[in-house]
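Please keep the sequence and the model open while reading.

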Amino acid sequence: MKFTVATLVMALATASAKTKKVDMSSPLAADSKAGLKVLSQARRVEENGEVDFTWVAGYSLKFQGCHHMQQWNAEADGEDEPKIQTKRLVRFRLCPSDSCTYADASGCSSGYGDYIIDLNIFLEAYWENKLEMQEWQCEYTRINECGCDDDDGKDDNFNEESCQYACFMDRGMDYCWEGGDPDADDEPEEQEELEVQEYMECAQIEFPEDENRRLEEEEIQYYIGPYCAESGSAILLGVFNDEFCTNFASEGDAGRSVYYDNMAEALPYGSESLVDMNCIPCKEPGDADMQNNQNDQQDEDEVVEFCELAYEQAGKCENRLSINNPNSNACTYMDGISIFRRDGEVIMRDLSSSSAASVFIGIFSATFVAAGAYVYYLKTKLDRAKINLAE
C-alpha cells in the first residue's frame, strides 16, 4: 500500500510539473471551480452600489493577450451538445495615457491595472468602438480635410464623389468608401463581403449552395467565430463545424481552407488579428460631436463607453494602481492563468522549468527512495526473525 500511494503521488507531481497554460504553483488554479467563482465575484460594486471609475479617463487600454482552456459544460443537455466547453478569456491593461506605448508589448511598466474578461464581451465592445471611431474619422475627414463640397468655386467638371474617393484613398481610409472608383469605366461585379461584426460570437454562415457539398441528405452546417491564436497574441476568426465553435472545420488551418473552397477568397481576419496593439485612450473627446454615441454625450463621466463596459465587466487586479479602494480580487486568478507578455508574443509559463517545482520533485524523489529502502530493510529484518524462530 505504501508503495502504491507513493507511486501515485509521485506520478501526479510529475504530471503537474509538465502541464502548461495553468500554473499549479499558484494558490488558486485558473480552471478550477473556485477560480471561476473568483472571476465572477471580482466584478464587485462598492457599498453604495456603484463603482467609481472616473479615474479611468486618464488611462489608455492596451490588449495584453488571450487565453483559452477546456472546462466541463454543466449546461450540456443531450448528446448533441459538447460535454467539454472552451472558455476564452482576454487580458488587458490600463496604462497611464502619458506613458502607454505601442512599441512596448506590455504598454507600460508601472502605475497600471491588469484585467481579465470574457473574450466575446471584450471583442463585441472593442469592435463596436472601432466602427464608431472609423465612422467619426470618415465624417471629420470629409468635412474638414477633403474640401469636396460642390460650391461656387468648383468648375463644371468637378465631381464630388470622385473627389471624396481620391481623398479617402490618399489617406489610406478605404473603409470610408463603399463601392469602387466612381471614375472607372468597367467596375467588376462586387462579391458580397463577410459582415465581420456579425461573427464576434459564434454564428452560422450560409455558404452559396453547391450540390457537391452535401453529406448524405443533410447539408453541412458551418459556423464562424473568434478564437485565441496558439501564441496567445492574436484573436482570429475560424470556421467550425459546431454551434459552440469548439471544433475547427479543417485541421491545421482553423477552417480557413473550408472558407476558401466555398467563397474563393481568404477568410477575413483568418490570419490578421481582430484586435491590434494600439493604446486606446479612455477619455472622451472634448467635442461632443466626437463622442461615440448619444449615451456617451449625456453621461456625467469622461470615460468612453468601450472602456466603461470593459472595466465594469472585467475581473480586476489593481494592486499597482494608486487609486482609492483598489480591487485586487482577480489577481490570484490571473496568476493561475500565467500569461505574461514578451515583445511580439504571449508566453504561457511552463511549470516544468520552474526551479521551485524542480526542487520539490527532487526532494520528493529522494524521500520516495529513502522510504522504499526503509520498507526493504524492515522486510529483510522480519524474514530473518522468521528464520531464527524456525531454527
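Beyond its neighbours within four places in sequence, Thr141 is in contact with Cys146, Cys167, Phe168, Arg171 and Met173. The model is predicted. Thr141 lies in helix α3, which covers residues 119-146. Its relative accessibility is 5%, and because buried means under 20%, Thr141 counts as buried.

Helix α3 also meets helix α7 (residues 305-313): their axes come within 9 Å and cross at roughly 170°. Angles over 145 degrees count as roughly antiparallel, so α3 is roughly antiparallel to α7. On the α3 side the contact is made by Ile121, Phe122, Ala125, Tyr126 and Asn129, and on the α7 side by Phe306, Leu309 and Gln313. By class, six of these residues are nonpolar and two are polar, with no charged residue.

The next element is strand β5, residues 222-228, in which seven of seven residues are buried. In a regular strand the side chains alternate between the two faces of the sheet. In β5 both faces are covered, with Tyr222, Ile224, Pro226 and Cys228 buried on one side and Tyr223, Gly225 and Tyr227 buried on the other.

β5 has pairing partners in β4 and β6. Strand β4 (residues 203-205) pairs with β5 in the antiparallel sense over three bridges, and Gln204 has Tyr223 of β5 as its bridge partner. Strand β6 (residues 235-240) pairs with β5 in the antiparallel sense over six bridges. Here Tyr223 has Phe240 of β6 as its bridge partner. The hairpin of β5 and β6 has six residues between the strands, and Gly232 in this hairpin takes a positive phi near 85°.

Methods
Residues numbered from 1 in each chain as written. Predicted model: local features only at pLDDT ≥ 70, side-chain atom pairs only at ≥ 80, totals over all residues. Heavy atoms only, no water. Helix = DSSP H or I, 4+ residues; strand = E, 2+ residues; numbered from the N terminus. Buried < 20%, exposed > 50% of the residue type's maximum accessible area, 1.4 Å probe, protein only. Contact = heavy atoms within 4.5 Å. Axes fitted to C-alpha atoms, helices over the stretch in contact; angles between N-to-C directions. Parallel < 35°, antiparallel > 145°, perpendicular 65-115°, else oblique. Nonpolar A, V, L, I, M, F, W, Y, C, P; charged D, E, K, R; others polar. Pairing = 2+ DSSP bridges.
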